[in-house]
Structures are given as C-alpha cells and as structure tokens.
Amino acid sequence: MDPKIQKVLDSQTRTVTVLSCLIAIQESFGYLVEGAIPAVAQRTGASVNDVYSVATFYTHFRFQPPGEHQIELCWGPSCQIFRSDALMKQAEEFAGIKFNGTTPDKKYTLRGLECAGACALAPVGKLDGTLVGRLTPEKLRERLIAMRQNGGGGHHG
Amino acid sequence: MANPFEALREQAKAVWAAVETPQRPQIFVGYGIHGQAAGAPDVLDALKKSLAAEAIAAEVHITGGLGLDFAEVIVSIALPGKPRVYFSDVTPEKARRLVEEYVAAGRAPLDVTVLGATGTLDGSGYADLFSRPEFKHQRRIVTANCGVTDPTNIWHYIAHGGYEALRKALFEMQPAQVIEQVQKSNLRGRGGAAFPAGMKWKFLHDATVSPKYHLCNSEEGDSGAFNDKHLLESDPHRVIEGVILGGYATRASGGKGFIFIRVGWDLPINRAQKALDEAYAHGLLGKNILGTDFSFDVELSLTGESYVSGEETALMESVEGKRAMPRYKPPFPAASGLWGKPSNINNVKTYSYVPSIVAQGGDWFAGIGTQRSKGTALVCLSGSIAKPGLYEVPFGVTLRQVIEETGGGVPNGRPLKFLQTGGPLGGFLPASSLDMPLDFDGMVAAGAMFGSGGIIVGDDAVSVPKITAILAEFNAEESCGKCFPCRVGTRQVADVLERMTHGHGSRAELDAVMVIGDTMKSSLCAHGHLADNPIKSGYRYFKSEFDALLPSGAPASAASMRPR
Ligand SMILES: Cc1cc2nc3c(=O)[nH]c(=O)nc-3n(C[C@H](O)[C@H](O)[C@H](O)COP(=O)(O)O)c2cc1C
C-alpha cells in the first residue's frame, strides 16, 4: 500500500468503514487517487468491487484531481428563483467550460450544488470553499477575478 | 456523595456572569452558515484587527444564528454596565467603526442598524430585541440559545440550563419514567414522517439485545431546509444532550449514538465535534457518566453526497460504510438496525426537544401546539420573502402569521402565489391556504407536507411548472436506483416536465405522469412513495399553468418558463 494512503487511513479517529476511508482519502488528496480503491479494500476487508460500488454511489467522489479553483453554485429551488442560471452562465464564460466540469488546464472546476444550506441568502455560491450569499453576476465576476489573482485555492468543497 | 454536576454548574455560572455583566467589552459575531455566507469571517477579522489597533482588551465570541438570517452579519456588543446591543448587516468597514466609535467611545455609529438589545434596558434608549415583529409569534424552545451563546463553549450551554435534564434523568428518574414523559409530550418526529418518538423509544427500551444504537439524523438533504445544520452549528450540546437522554431512556448503556451528517458541512461538523470533545472532557459522555453506572458514547458519522442516505434504513447502510440504499422492513430498526443491533433513528430536532421535555415535563410540552401536533416547528423561510430566516413557532399559528407577520410577506408589493413546503418530496400550497394552521396532518391533507420545515415562497413571477421540474429533476437524480419503479419513474416524470417547460409537452404525457406516480408507490422507501407530490399538488392548485404549456393550450413564451 502507498505509504501516503496508509497514513491517511491509519489516522482516522472515527469508526472505520469503506465509506469513512474513501472520505478520508478524498479529504486529504482532493480526489480518490490511484491505488485508493485497493488500499481501502485491503484496510477494511471488503472486496475491490464493493469499494468501487460505494465510491461510485456517493456523487461527490471523483477519480480525477479537481481544478486548482473550485467554483460551486447552488442549484436548489430557492437559488434558482433568484436566477442562479445567470450566475452559472457568468461562471461558464469566466472559466470557459460547461457546468459540472474541469478546464483542460486543471485551473477551474465548476459544479452545481443541490443545496448549500444558506437558502435565506440566495443565490449562494462556494468559491474555493468560502460560502458567499446574495450573489449577482457582477459580484460573482469580481469574486472570480479576485480568486484568480489569489493563486492556488483549496480542494475542499 | 456530592453530585459532580454541582461543580460544573458553579463554574458555568461564573463564566456566564463574566459575559453577561462584564468587566471588559464582550463582542459576539453571528457565525452560522448564513453569517458565514454574509461575510462573518471577514467581519471577525476586521473586529480583531481594530481591537488590536485601538489596544482594547475585549473578549470576542462567536455565536450561531439568531434566525434573522436576512440581517446577517449580526454583531452584538455588551459594554460594561450596558445592555447587549445587536447590530445588523455588519460589514468589515462597519465592524471597524463599531470598535472605534462604540467600543472605544460609547457612541453607536448612526448608520449601523440596531436590531434591539437585551439585558437591562431602562434608560438605554434601546428596544428589547425580542419585541421585534419577527419574534411576536415565536416561542424559542430548541433555538433559545441560538445567536445568544457561544456554541464552542460548553459553559455557556450549562449556564443556560444545559445538561440539567441529563442530571435529573440520571439521578432522579428511571429510564421508563423518561420514556413516559416523552410519550406524554406527544413529541412527533421532525424528520418528515411525524411518527411519535416516545413509541419508538419504548420499542428500543424493551429490546433485550445489546449494544443499542441511537442515530441522530442530520443529513438534511431537503432543499430549502437548514434548521438541522442551524441547531448543530448554534447549540450542538443540546443535540448531544438529547441523544444521551435517548441512550439512557432506552437502556442503551454501553451503546453508542451517531450524529449523522454529510461531509463538507464544516461549521456544524466542527462545532459538533468540539462539543463532543468537551462533553467527554467533563464526564458527560463516555464511561460512567457523571459518576453513575450509565455509560454511553457519541460519535460523528460522515456520509457522502446522497439524498436517500437520510432515509432511516439507508442511513444505517451508510453508517456501516455501504451504499445508502434502503433496507426491507421488517425487521424494524428497534429489533435489528445498525450492524443488526437494536437501533433508534430520530431527526436532530426531535432529539433536541428532549432536554426541555425532561426538564419541564411531558405535560408542559403537550400544552403547546395543536391537538395532534405538539410543541414548536422550526420554519425555514426562503424565496420571495422579505425576511428570510429561521423561526421557531408553536404549531397552530397560521401560515399567514408565519409568512406575513413573521417573515414580512412577499417583498416589492408582489402578490404571493405559492408556498412550496417539505422539500423535494413535499408539495405546493396556494396563496389561499394562508389561513391554514401549521399542523402535520392538516398540511398532508392539503397535499403538501410540513416535512423538515422548509417553506419556499413564490411570488406571481415564479413559474410553478418550472419549480416542479426542478424538484422532479432532483428526485430523479437522487433516486438511489434500488427499486425499479422509482429509478425509472422519477426519470420519466422529470423528462416529461423538462419537455413541458420547453414547450414540447403533451396531454398524454402529463396524464401518464400521474399514473407513474401511482406505480412508484410500490418502491421500498418514501422517496418513491412521495416523488410525485410536487407534480400532484402543483397540478391540483395550478392546473391552468400546466395546461397552458401544452400545445393545445395558449402558447407559452420562452421567458415565462424561467423561474423568474
Ligand atoms: C429519501 C428520504 C430522505 C430522508 N432524509 C431525511 C433527512 O435528511 N433527515 C431526517 O431527519 N429524516 C429524513 N428522512 C426521514 C427518515 O427516514 C426518518 O423518518 C426520520 O429520520 C426519523 O426521525 P424522526 O422520527 O425524528 O422524524 C428521509 C426519508 C426519505 C424517504
């Protein structure tokens, strides 16, 4: 087992399950790195097949590294009432990709959220993990430019 | 033997006294999810920098949300000898001026809005915060501490009566007596199905296998609902105390509770973890709680993104680390649940009421609310509403009192069109339902449901078919795929609505959707049973809007398909 993966799996403080291991790996590396699936199988005694079945069920798991910057826009009904589609368009233009994708240069990942839990300040987005409420296309653009200038973001979503 | 709780209570009193009648300025920043989205991190930063620049020795605390989410970032300040004044819409710039002008010189800047104040108000010139119209119909039981105390400080909780119910149960009550109070209270589950909590607890109490588990469901995948996260980030100890009481009442000594929440919700997760750590450190969790022979653990259990993982049997699969797909029932969880052991599942809110019920008695709780819906409801208002936020009102208040008198009604003089309640499996209510009292059963009879408490308000510019299509798409995306009728049916419903809202619908398809809804009732869980609620209730109350989208009806313009 890759010692870096091993270390992550061994430093879990809560009940260890297939799911907890996958979550721990994605939290540490930003995605399910190569070797993650067999490592989790080995650690938990589950079959590789079972580990895959869990990793492909929960929609936040990814097998590719995310972009350097995370642009996440809430797609829940409250946010859509406040025109999150216009925000999405703005973000798509800014990053030059479509909704739910990563730019080829791995700079940006653009994703919709089902509900960001801040419906009272709709429309809401999460930019490099920072929640921002009452977005307008202009405010989003300003934030995105600031984000670009700030360099590397986190891979937490 | 002196009760070890006495010492905790004394220390808590001292800690809170220093906050309430302070020697040094006390500053509180509203830092729940809404505070965060409004910029609380930057405000906190600005406050600390200004205090340092002015060389003022003040204590800075964070709080969760007061519920007035529209007014975030809310900063409250208690200067020595003065009441605690709540300021709204604070920006980093305003934070700096609050320090320079109010904290340093006692003059509140005129352009920073004051919401009100608490404490000794005589002669202060400030009105009581809780005399505001948003509080008129509220009765804050589980949210009493929210926005007031620091969720990362166990002493604040204990100073407000926290863990008194646990002490009382452990030292003065038998488990069966605790259950008796919960049954008397008529507390019904707040996660959607409104099942009597006391009855479920009784099943688990009577189970003879150990260990026993308690699962505190904070998955809260419903769009438009944020009250579970609100409780965890604003007053996590209350949730924890409720779960421990559940453990005691059901004779689960040596067992364990899991607080189940989706990965990524950092505020509620981190605060709940901090609170657990503190509870362990003070002997309120773990082996021999408060020196008694009752032992109980509570752990956070993180799940991945999956709406169905909030369904009670799917939740158990998820805690076990598997795909979150529902199990067959029977066996019911109280007989065979998590890892095949007796288990109980309740929503966060349900557990959170229990400390108050134990402290004040089941009869007290049963005296609040309607005939069959007891206690309070945590309503999350969003959409076309003047004061979006979270309000705790007793059941029985009318929707009008909630929407208009508490939430300030629809802004910009537009008429109210609909209320979408209960999340993606809930339904629509028309404007004419405003005089309906808040009540689990009354709302189900009307085709909607109270569900987890989210109410999305729509004005006349919002298209009901479009919102229906959004909810149908959610339900299709989130079907776990286990049961064929739900897996295929939710997709068909979503596709038909998608076509309709783009002008390509047909009467035959719309009719078919209604039949598909019936076939989905054969699914294992309520995701399939209820997935047609939005279209059924939407069509019931806004038929003409759907019909207008059909080719035979009046042609709809592309613009009107938009939510706005
Ligand atoms: C698809 C689906 C999702 C659900 N999600 C949640 C949830 O996020 N939180 C919750 O408390 N209950 C949820 N429920 C309801 C649970 O199955 C269960 O009834 C509830 O957690 C029991 O707690 P209560 O009796 O305190 O309400 C969901 C049900 C279904 C069918």
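**Entry 1. A:L113.** I began with A:L113, which counts as buried because its relative accessibility is 11%. The model I am reading is a predicted one. I placed A:L113 in strand β3 of chain A, which covers residues 108–113. I then listed what A:L113 touches, leaving aside residues up to four places away in sequence: A:E72, A:L73, A:C74, A:W75, A:G76 and A:K126. I also looked up A:P66, which is 47 residues from A:L113 along the chain; their C-alpha atoms are separated by 15 Å.

**Entry 2. Chain A as a whole.** I counted 7 helices and 5 strands in chain A. Read along the sequence, the pattern of chain A is α-α-α-α-β-α-α-β-β-β-β-α. The C-alpha trace of chain A spans about 50 × 30 × 25 Å along its principal axes. Chain A has 157 residues, and buried residues make up 52% of them. I took the contacts in chain A between residues at least 6 apart in sequence and noted that 59% join residues at least 24 apart.

**Entry 3. A:S84.** I found A:S84 in helix α6 of chain A. Is A:S84 buried or exposed? A:S84 counts as buried, because its relative accessibility is 1%. A polar atom of the A:S84 side chain lies 3.4 Å from the backbone nitrogen of A:Q80. Not counting residues up to four places away in sequence, A:S84 touches A:C74, A:W75 and A:C79. I noted that A:C74 and A:W75 are also among the residues that A:L113 touches.

**Entry 4. Aromatic pairs.** A:Y58 is buried, with a relative accessible area of 0%. A:F61 is buried too, at 8%. The rings of A:W75 and A:F99 have centres 5.1 Å apart and planes at 55°, so I wrote this pair down as tilted. Which parts of chain A does the pair of A:W75 and A:F99 tie together? A:W75 lies in the loop between β1 (69–74) and α5 (77–81), and A:F99 lies in the loop between α6 (84–95) and β2 (101–102), so the pair ties together parts 24 residues apart in sequence. A:W75 counts as partly exposed at 28% relative accessibility. A:F99 also counts as partly exposed, at 26%. I went back to A:Y58 and A:F61 and found that they form one aromatic cluster with A:F57.

**Entry 5. Charges over a ring.** I looked at the ring of B:W265. The charged end of B:K229 sits over this ring, 4.2 Å from its centre. The charged end of A:K126, from chain A, sits over the ring of B:W265 as well, 5.9 Å from its centre. A:K126 had already turned up among the residues that A:L113 touches.

**Entry 6. Cysteines.** B:C486 is buried, with a relative accessible area of 7%. I also checked A:C21, which is buried at 0%.

**Entry 7. Helix α14 of chain B.** This helix covers residues 348–360; 11 of its 13 residues are buried, so the helix is largely enclosed by the rest of the structure. Its buried residues include B:K349, B:Y351 and B:P355. What caps the N-terminal end of α14(B)? B:N347 does, with a side-chain oxygen 2.7 Å from the backbone nitrogen of B:K349. Just after α14(B), B:G361 takes a positive phi of about 95°.

**Entry 8. Nonpolar cores.** The largest nonpolar core has 134 residues, and those with the most contacts inside it are A:L22, A:I25, B:V75, B:I77 and B:Y163. I followed up B:Y163. Not counting residues up to four places away in sequence, the residues B:Y163 touches include B:F5, B:I154, B:H237, B:E241 and B:L284. There is a second, separate core of 36 residues, which includes B:I385, B:V410, B:M436 and B:F440.

Notes:
Residues are numbered from 1 along each chain as its sequence is written. Chains are lettered from A and ligands numbered from 1 in the order in which they are written. This is a predicted model: local features need pLDDT of at least 70, side-chain atom pairs count only at pLDDT 80 or more; totals for chains, interfaces and linings use all residues. Side-chain values use heavy atoms; hydrogens and water are left out. Buried means under 20% relative accessible area, exposed over 50%, partly exposed in between (1.4 Å probe, protein chains only). Rings of Phe, Tyr and Trp (its six-membered ring) pair if their centres lie within 6.5 Å; planes under 30 degrees apart count as stacked, over 60 as edge-to-face and the rest as tilted. Helices (H or I, at least four residues) and strands (E, at least two) are DSSP runs, numbered from the N terminus. A charge sits over a ring if NZ of Lys or CZ of Arg is within 6 Å of the ring centre and within 35 degrees of the ring normal. A polar contact is a pair of N or O atoms within 3.5 Å; within protein, one must be able to donate a hydrogen and the other to accept it, and residues adjacent in sequence count only if both atoms are side-chain atoms. A nonpolar core is a set of buried Ala, Val, Leu, Ile, Met, Phe, Trp, Tyr and Cys residues joined through side-chain atoms within 4.5 Å. Contact means heavy atoms within 4.5 Å.
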